[in-house]
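Subject: Structure handover

Hello,

My notes on what was found follow below it.

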Number of protein chains: 2
Amino acid sequence: MSNKKVAFQDLIPYLEKNMAFHTAINIIDWDANTLAPEESSEYTAKAMGILSQEQFTSLINPKVKEIMEGLKEEALSQTEKAILRRLKKEYQKSEAVPANEMREFTELAARATNVWQKAKKEQNFSLYAPYLEKIVEYKKKFAGYSKKEGGSLYNVLLDGYEESFHVEELDRFFSKLKEEIIPLLKKVEQAEEIDDSFFYQEYDIEKQKEFNVFLAEYMGFNFKRGVIAESEHPFTTSWHNHDVRITTHYYKDNLSSAILSTIHEGGHALYEQGIRDEFTQTLVGDGASCAMHESQSRFYENVLGRSEAFWEPLYPKLQDTFPKQLGQVSLGQFVRALNKIKADFIRTEADELTYCLHIMVRYELEKQMIEEDVPVDKLPGLWNQKYQEYLGITPNNDKEGILQDVHWSMGDIGYFPSYALGNAFAAQIYHTMKKELPVEELLRKGKIAEITAYLREHIHQYGASKEPREMLKALTGEEFNPDYYIQYLKEKFEQVYQL
Amino acid sequence: MSNKKVAFQDLIPYLEKNMAFHTAINIIDWDANTLAPEESSEYTAKAMGILSQEQFTSLINPKVKEIMEGLKEEALSQTEKAILRRLKKEYQKSEAVPANEMREFTELAARATNVWQKAKKEQNFSLYAPYLEKIVEYKKKFAGYSKKEGGSLYNVLLDGYEESFHVEELDRFFSKLKEEIIPLLKKVEQAEEIDDSFFYQEYDIEKQKEFNVFLAEYMGFNFKRGVIAESEHPFTTSWHNHDVRITTHYYKDNLSSAILSTIHEGGHALYEQGIRDEFTQTLVGDGASCAMHESQSRFYENVLGRSEAFWEPLYPKLQDTFPKQLGQVSLGQFVRALNKIKADFIRTEADELTYCLHIMVRYELEKQMIEEDVPVDKLPGLWNQKYQEYLGITPNNDKEGILQDVHWSMGDIGYFPSYALGNAFAAQIYHTMKKELPVEELLRKGKIAEITAYLREHIHQYGASKEPREMLKALTGEEFNPDYYIQYLKEKFEQVYQL
């Protein structure tokens, strides 16, 4: 079959269909999360199911396979090679597991997610346990299909999210974290507590919106190519580099929540808006990986957005917007409050220092589930022990413990580490950036655009046409190195807390 | 081929795909008109083009045709028969014209629409004339493919929008209009002018929004199955009966514009929300026809929404919302102002009485274009003459004359009459309704829900599973009869203007 002469051009109609379905699915999903009326979902879901199936078969079909296998690498441009690489990954994913087993699993995961919701609401892990048990079984079975001689199952799962970042590297990363960050957290907890009570006064929501739009604009979010809306949980989505959308959730009694999520989602959005036209609407038109995406959002949110230099040109405007609440709060007090550390139960609300400890708990449990066959009914206990050991707190119930995240119920085992890797990428990039750009000075002068231009040059523009490791190496001159992250956290919080 | 035994069930996968693409296209279109950022459209259009093509081929393909032709009518349920009837119409449409000619025409229409926009902006018909000429040529050619022995080309075009409402019937309709409404308009113009100046004060937009949401809710718009947003031009769309969306455009210096368009679009929306679950997401899940849809929107807007009885329970709330502007305006003055008649140039802004005269001008010109080969460069002059003759005014330029509507540039010749038919359907339905329901009393008591229930019972629930003529006959006991419309207009405006 593949003797037939084929050209990359032959793939285009399939790739374009895939793009069109991807666009449709993303818009419907955006709409569902921002605007769709209460009773709409059940009906719209029928359309979504069909569109998802169409998207799948637009790429995974015998004709595409024939073309793909007939293509000669040497005849391809760089971009075509990158697209082909992604396409091959899609095939690997789809061919790794027998279709009927994948269908069974998809149904299981949908049910498990519903049960998880109920179990979380009722703080009752035992409802969910049998489903999680089956999820784990399936994931192990699936991983087994792709496992290489001598390889580990968990590495196969990790590969599904962040390719080539395996247990060996992650173990080193997390053991350093454990060594350095846990003692640091203990010291922070003995230092004087930071007062952030002014964040929790009443803040008019319309005024918050105005300020957040101003903030996004200041960051460089291009409103001619983007939209900001509201949703229950903040997120970023895009269908191409000319339509990138973020959401925020406003709380009447919390100022910092919306601000930090605007900066975080804004970081994701700058990445998407910065991808080159030649890549957008292709298989390499998104970010390079979850971790690389997260590195950008966390860089803006934490490295820039919680710094005094970032707020120097902006804080007067915020004070003008809320004179009663912030008139007496100095820039220094404001920024210190943004950096308050407090070990708490919920990952998504965690501060910059404890965040990676939350991830470490999940990483260790995932390894135990997959590699050590720990029975699921032992997991809540293990979870709570680890929280006590790493964060010094024990969840009061499973809702604020092991039931807090949706990921496992959907089968996403191996995903969590990419959040921590994102933080580490950000710190490594920042380390190099500081040598080449006067970051702090630029921020103080309101010239954040020059920082974004730097990231655009080295990261954003490439979309997924380059691999994360490749970009990291090209930018920083060395392989992935999590030491910068640990060093960054230590320096920053020793200073914030004057340790 | 069609000897193979087939069942309606075999069509389902194709119908469902079609539904999914329809959903996607409608959501993207809604998004484009309400929210999408400025520079998004060119890129999103690529996806839209592919989705439209997919929607087309999901129904128009050899397998569907084979099933369609193999089905035995007698083995089908009523609903299946209705769906099959619609499907056959789609085939007639697609098979009437050779595919390459249709492609050429689609490209021409896209260019013509762009040129029309420019020509309108520059008030320069001659830019647009060569395109319109070609559009007319194509439409005549296409109509020729379907014309029956002894039939007329224009009837073929009319059939494309409102099946079986042909020139013979429309001529009778419009000649009665001409006979009765033009003299009535002259009398109205000699009567004392109605003061509606209070509509054009400053009205806070946020307060207008609040009131319009209240108004939609009062009408029975179900917000659990619908959304109200803003757009440049108000419109209604839906992807199923559980997600129906309307838009309004708010003006700071015009109160009645948003109110009347909320009631108008609300009428469309009540129709869509009232369609039965068994029909939604099928080929008979929309309204029965353009005219039937327009009959509902115009019934709510004009028959109900411009009546004193409708406003009696609502006006105090509106006065409370705008005490400064309306505190001294009585209910009677307010409603009289909603019924002010003034011959003017723009169809979409026309009052209830002159609206049909605007349509008549277009109808007569369309007949001349298609049947009498009037050269396009004569059209502006004819247009202006007719406006002078029927409305007593001559457009100052082609922007407010023949260039005002987009329809012809997109090839929609034969569409306009359905607007007038909608008005006539509404009046005929109203005539019967009044015998069966105490409409005015219900309105005064705020019981509009009972009126909607009546329309739901006789019209809305059926979607497109019944033909307009069939529903009209079943409800009113007689064939389509435009006399009720003329009678309604005469009675109403003789009273409003005390003639």
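Leaving aside neighbours within four places in sequence, which residues is B:Leu318 in contact with? They are B:Phe211, B:Leu255, B:Ile259, B:Trp311, B:Leu326 and B:Phe334. Please keep in mind throughout that this is a predicted model.

The nonpolar cores

B:Leu318 belongs to the largest nonpolar core, which has 149 residues. Along with B:Phe299, B:Phe310, B:Trp311, B:Phe334 and B:Trp408, B:Leu318 is among the members that touch the most others in that core. As background, nonpolar side chains in soluble globular proteins tend to be buried together.

The interface

Chain B and chain A touch through 38 residues of chain B and 38 residues of chain A. Between them the two chains bury about 3,100 Å², and 64% of that is on carbon and sulfur atoms. On the chain B side, the residues that lose the most area to chain A are B:Glu39, B:Tyr43 and B:Lys224, which together make up 20% of what that side buries.

The rule finds 20 residue pairs in polar contact across this interface, both residues being at pLDDT 80 or more. Five elements of chain B each supply at least two residues of the side that touches chain A: helix H1 (12–34), helix H2 (41–59), strand E1 (226–230), strand E2 (236–240) and strand E3 (243–248). H1(B) gives the largest share, with 11 residues. By type, the residues on this side of chain B are 17 nonpolar, nine polar and 12 charged.

Salt bridges

Side chains of opposite charge can pair when their charged atoms come close. Over all chains, the count by this rule comes to 66 salt bridges. Six salt bridges are found across the interface of chain B and chain A.

One pair that crosses between the chains is B:Lys17 with A:Glu54, at 3.0 Å from N to O. B:Lys17 is in helix H1 of chain B, and A:Glu54 is in helix H2 (residues 41–59) of chain A. Are the two partners buried or exposed? B:Lys17 is partly exposed, at a relative accessible area of 32%, whereas A:Glu54 counts as buried at 11%.

Two pairs within chain B can be set beside this one. In the first, B:Lys93 forms a salt bridge with B:Glu90, and their closest N and O atoms are 3.8 Å apart. Both residues lie in helix H4 (residues 78–96) of chain B, three residues apart, which is about one turn of the helix. B:Lys93 is exposed, with a relative accessible area of 55%, and B:Glu90 is partly exposed at 31%.

In the second, B:Arg362 forms a salt bridge with B:Asp405, where the closest N and O atoms are 2.6 Å apart. B:Arg362 sits in helix H16 (residues 355–371) of chain B and B:Asp405 in the loop between helix H17 (379–391) and helix H18 (417–436), so the pair ties together parts that are 43 residues apart in sequence. B:Arg362 counts as buried, at 0% relative accessibility, and B:Asp405 is buried too, at 9%.

In chain A, the residues A:Arg85, A:Lys89, A:Glu163 and A:Glu467 are linked in a network of salt bridges.

Two further residues of chain B

Helix H18 of chain B also holds B:Gly422. B:Gly422 is buried, with a relative accessible area of 0%. Its contacts, leaving aside neighbours within four places in sequence, are B:Ala291, B:Glu294 and B:Ser295. The C-alpha atoms of B:Gly422 and B:Glu371 are separated by 24 Å, the two residues being 51 residues apart along the chain.

B:Ser307 is in the loop between helix H11 (290–304) and helix H12 (308–311) of chain B. At 17% relative accessibility, B:Ser307 counts as buried because the cut-off is under 20%. Not counting residues up to four places away in sequence, B:Ser307 touches B:Val335 and B:Leu443.

Regards

Conventions
Residues are numbered from 1 along each chain as its sequence is written. Chains are lettered from A and ligands numbered from 1 in the order in which they are written. This is a predicted model: local features need pLDDT of at least 70, side-chain atom pairs count only at pLDDT 80 or more; totals for chains, interfaces and linings use all residues. Side-chain values use heavy atoms; hydrogens and water are left out. Contact means heavy atoms within 4.5 Å. Buried area is the accessible area (1.4 Å probe) that two parts lose on being put together, summed over both. A salt bridge is a side-chain nitrogen of Lys or Arg within 4 Å of a carboxyl oxygen of Asp or Glu. A polar contact is a pair of N or O atoms within 3.5 Å; within protein, one must be able to donate a hydrogen and the other to accept it, and residues adjacent in sequence count only if both atoms are side-chain atoms. Helices (H or I, at least four residues) and strands (E, at least two) are DSSP runs, numbered from the N terminus. Ala, Val, Leu, Ile, Met, Phe, Trp, Tyr, Cys and Pro count as nonpolar, Asp, Glu, Lys and Arg as charged, and the others, Gly among them, as polar. Buried means under 20% relative accessible area, exposed over 50%, partly exposed in between (1.4 Å probe, protein chains only). A nonpolar core is a set of buried Ala, Val, Leu, Ile, Met, Phe, Trp, Tyr and Cys residues joined through side-chain atoms within 4.5 Å.
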